[in-house]
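Biologist: I would like to learn how to read a few features of a model. Please give the general idea, then the case at hand.

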Amino acid sequence: MRLVTFAAGSENRVGVVDGADGAELVRDVTPLLPAGAGVRQVIERWAELGPVLAEHAGALPGVPLGEVELRAPLAPPRDVFCVGKNYRAHVAEFGRSGYDRPDRSEALPEHPVVFTKATTAVTGPHADVEAHRGVTAELDYEAELGVIIGRGGRGITREAAWDHVWGYTVVDDVTARDLQRRHSQWVIGKSLDTHCPLGPYAVSADEIPDVAALLVESRVNGEPRQSAPVKDLIFDIPELVATLSAGMTLLPGDVIATGTPAGVGIGFDPPRFLAPGDVVEVSVTGLGRQRNRIV
């Protein structure tokens, strides 16, 4: 099932999307849900609410997807855990860029490199992304697969990890490279307002038969920049869930951004940073496409 959050005036509504190839319809399922429930609450109570949506959503009137204003599907968002340096070719380009510590260079990480993005960075899949001129001059894009936690827990094993994955979404881990380098620890450089476009959809895992085959891609002003399958991850999804939950409780609606492939702006010589007016498109097979303008 593909869930969305969309605007109705100042209110957020929950929708189920069906159809394909430009003929998608959004069906407002808010009346089927408990009062005040958003997508995150639907995920948390999936065993109860999922069957209700599956049975009744198709009978509700639909509106063409292009006629609604999509917001981040998980609104308000929960934690966004990000994994750095999780594709071999990206490790190499990051090492060559001069933005990594010299002692780390192009060496593959022995353990997942994990950081967070502030929840205030989360924005919609078609919203403007702020350039933050005067704060950063080195803005970059990072296309990523986002894993949505459905059943929370602590001490989750690799073998049990898939039981805790509700589904997937698309993430652009927008990064201020100069802040990332200046502060060493990456939270500030990763967390400026609007620097985490999320969506368009939250897609339940049953819709994705082989997550390893999904292709993570990005374009800037129509030019292809990134393209790699999820199977190329250094640390796979069960490893990430087990690592994060070892002593920390994961909660329904948490998102794990699994890492970005090679082809980001700092991978070019000279680097190709984003500027106002640029349009960034990020997509993952079966999960939809973001389109965000830098302003």
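Biologist: How many aromatic pairs does a search of the whole structure find?

Modeller: First, the basis: this is a predicted model, in which local features need pLDDT of at least 70 and side-chain atom pairs count only at pLDDT 80 or more, while totals for chains, interfaces and linings use all residues. Residues are numbered from 1 along each chain as its sequence is written, and side-chain values use heavy atoms, with hydrogens and water left out. Rings of Phe, Tyr and Trp (its six-membered ring) pair if their centres lie within 6.5 Å; planes under 30 degrees apart are stacked, over 60 edge-to-face, and the rest tilted. The search of the whole structure finds two such pairs. Trp46 and Trp166 form an edge-to-face pair, with 5.3 Å centre to centre and 90 degrees between the planes.

Biologist: Which parts does the pair of Trp46 and Trp166 tie together?

Modeller: Helices (H or I, at least four residues) and strands (E, at least two) are DSSP runs, numbered from the N terminus. Trp46 lies in helix α2 (residues 46-56) and Trp166 in strand β11 (residues 165-172), so the pair ties together parts that are 120 residues apart in sequence.

Biologist: Is Trp166 buried or exposed?

Modeller: Buried means under 20% relative accessible area, exposed over 50%, and partly exposed in between (1.4 Å probe, protein chains only). Trp166 has 6% relative accessibility and counts as buried. Trp46, with a relative accessible area of 22%, is partly exposed.

The other pair is Phe115 and Trp186, edge-to-face with 5.2 Å centre to centre and 70 degrees between the planes. Phe115 belongs to strand β7 (residues 113-117), and Trp186 to the loop between α4 (177-183) and α5 (187-190), 71 residues apart. Both Phe115 and Trp186 are buried.

Biologist: Which rings have the charged end of an Arg over them?

Modeller: A charge sits over a ring if NZ of Lys or CZ of Arg is within 6 Å of the ring centre and within 35 degrees of the ring normal. Arg2 has its charged end over the ring of Tyr201, 5.2 Å from the centre. For Arg272 the ring is that of Phe268, at 4.8 Å from the centre.

Biologist: Why is α3 described as largely enclosed by the rest of the structure?

Modeller: Seven of the ten residues of α3 are buried, so the helix is largely enclosed. The buried residues are His90, Val91, Ala92, Glu93, Phe94, Gly95 and Ser97, and their cover includes α4. Just after α3, Gly98 takes a positive phi of about 90 degrees.

Biologist: Which residues is Glu93 in contact with, leaving aside its neighbours within four places in sequence?

Modeller: Contact means heavy atoms within 4.5 Å. Glu93, in helix α3 (residues 88-97), is in contact with Pro261, Ala262, Gly263, Val264 and Gly267 once those neighbours are set aside. Glu93 counts as buried at 6% relative accessibility.
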